[in-house]
Amino acid sequence: MFDNKDQSRTSLSDLGEFGLINHLTQNFTIRQNSTVKGIGDDAAIVNTEGKQLVVTTDLLVEGVHFDLSFMPLKHLGYKAVMVNLSDVYAMNAEATQITVSIAVSNRFPLEALEELYAGIELACSIYNVDLIGGDTTSSTKGLLISVTALGTAEPEALVKRDGAKDGDLLVVSGDLGASYMGLQVLEREKQVYKVNPNAQPDLEPYSYIIERQLKPEARKDIVELLKKMEVKPTSMIDISDGLSSEIIHLCKSSKTGVRLYEDKIPLDPQLINVCEEFEIDSTTVALSGGEDYELLFTINQDDYEKVKGNPHLTVIGHITPESDGMNLITRANTSIPIVARGWNALQDEE
Ligand SMILES: [Mg+2]
């Protein structure tokens with residue numbers, strides 16, 4: 001994991017800006033019919049064929065959003081695409097194109113950027129999206145990656161945050177909290193490595209949660225599943241900052257309250273074990289951890305039979321009138337207000 005392999009190093013200045021873009025994007029192919037013109041003109045051309053276009057963007061900064069001492073560049077490229085596609089799927093849209101811009105210091109050789117773009121290419125091929133543009137520039141320190149994702153949907157298919165109604169069921173895909181604890185394990189091993197560079201960490205017991213941190217998957221499959229089940233959520237959001245903050249976004253946009261049941265929150269067994277090892281409450285991690293990139297949505301009660309028992313979906317609560325507030329019903333059956341703390345607050349607490 002922390003091995004610094006002997007690699008050949010080609011200086012970026014050998015290529016020049018246009019040579020660099022051409023070199024990094026030469027393996028990318030166009031997959032979407034809607035991509036009329038990709039890289040190679042002043043601007044890309046996208047044919048939305050009467051569908052509505054959704055656009056979202058995220059900026060990732062070294063030292064703030066990622067740590068290259070344990071984040072392989074290929075994974076970073078993949079994850080930078082995932083965090084954007086996740087926002088497109090949260091609109092119930094199909095992701096179709098991305099642009100990628102990077103600012104990079106001269107401490108990175110060409111081979112490092114090739115790794116980064118290999119991860120971006122892998123994400124494009126698995127999720128069937130086209131890279132249609134971007135920019136590269138130099139930075140005085142570190143690496144910045146900005147990804148913009150485009151997606152399309154029929155106007156009536158789009159789902160926003162503001163459609164939840166009293167009585168709707170609150171549903172989440174997958175399981176929560178693993179990515180945050182994966183990061184805690186990686187941070188711990190980094191400290192061990194600093195003291196003893198010969199230490200070989202056994203990360204096998206943490207494989208799932210580390211993968212959730214380093215190589216998350218956007219839930220394209222859930223959007224497709226809901227379509228197949230003929231369930232249109234009444235509101236939806238992706239979980240990037242932790243369950244509580246996303247629930248608050250949904251409820252505030254929809255002007256509703258919520259009852260969230262602690263015992264229903266889906267947790268992976270490995271996450272539960274690691275929380276015990278770190279002596280940290282697993283519910284707190286699920287509520288405030290973040291970076292899960294699962295989908296959180298509400299459905300009409302009439303759709304309950306369709307989602308019931310599906311292994312990818314869990315009903316974790318229901319929507320209430322706004323005046324009832326946003327509340328967590330604990331395992332001890334007490335009601336406590338849901339507050340947004342996010343992972344920053346969670347770290348301050350330690
Ligand atoms: Mg989002």
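Student: Where does histidine 65 lie?
Tutor: In this predicted model, histidine 65 sits in the loop that runs between strand E3 (52–61) and helix H2 (73–89).

Student: And is histidine 65 buried, exposed or partly exposed?
Tutor: Histidine 65 counts as partly exposed, because it has 17 C-beta neighbours inside 10 Å, and a residue would need 20 or more to be buried, or 12 or fewer to be exposed.

Student: Which residues does the "binding site" annotation cover?
Tutor: According to the UniProt record, which is an unreviewed entry, the annotation "binding site" covers His65, Glu291 and Trp343.

Student: Switching to domains, how is the protein divided?
Tutor: The protein is divided into domain 1, spanning 12–157, and domain 2, spanning 161–349, and their centres, taken over C-alpha atoms, are separated by 26 Å.

Student: How many residues are in contact there?
Tutor: On the domain 1 side there are 15 residues in contact with 17 residues of domain 2, and H2 supplies the largest share of that domain 1 side, with 9 residues.

Student: What about helices H4 and H5, at what angle do they pack?
Tutor: Helix H4 (residues 178–195) and helix H5 (residues 207–214) pack at an angle of about 100°, with their axes 7 Å apart, which makes H4 roughly perpendicular to H5.

Student: Which residues make the contact?
Tutor: Among them are Met181, Leu183 and Leu186 of H4, together with Tyr208, Ile209 and Arg212 of H5, and the residues of this contact divide into 8 nonpolar, 3 polar and 1 charged.

How values were computed: Residues numbered from 1 in each chain as written. Predicted model: local features only at pLDDT ≥ 70, side-chain atom pairs only at ≥ 80, totals over all residues. UniProt positions renumbered as here; feature names shortened; annotations may be inferred. Helix = DSSP H or I, 4+ residues; strand = E, 2+ residues; numbered from the N terminus. Axes fitted to C-alpha atoms, helices over the stretch in contact; angles between N-to-C directions. Parallel < 35°, antiparallel > 145°, perpendicular 65-115°, else oblique. Contact = placed C-beta atoms within 7 Å. Nonpolar A, V, L, I, M, F, W, Y, C, P; charged D, E, K, R; others polar. Domains from an automatic or database assignment.
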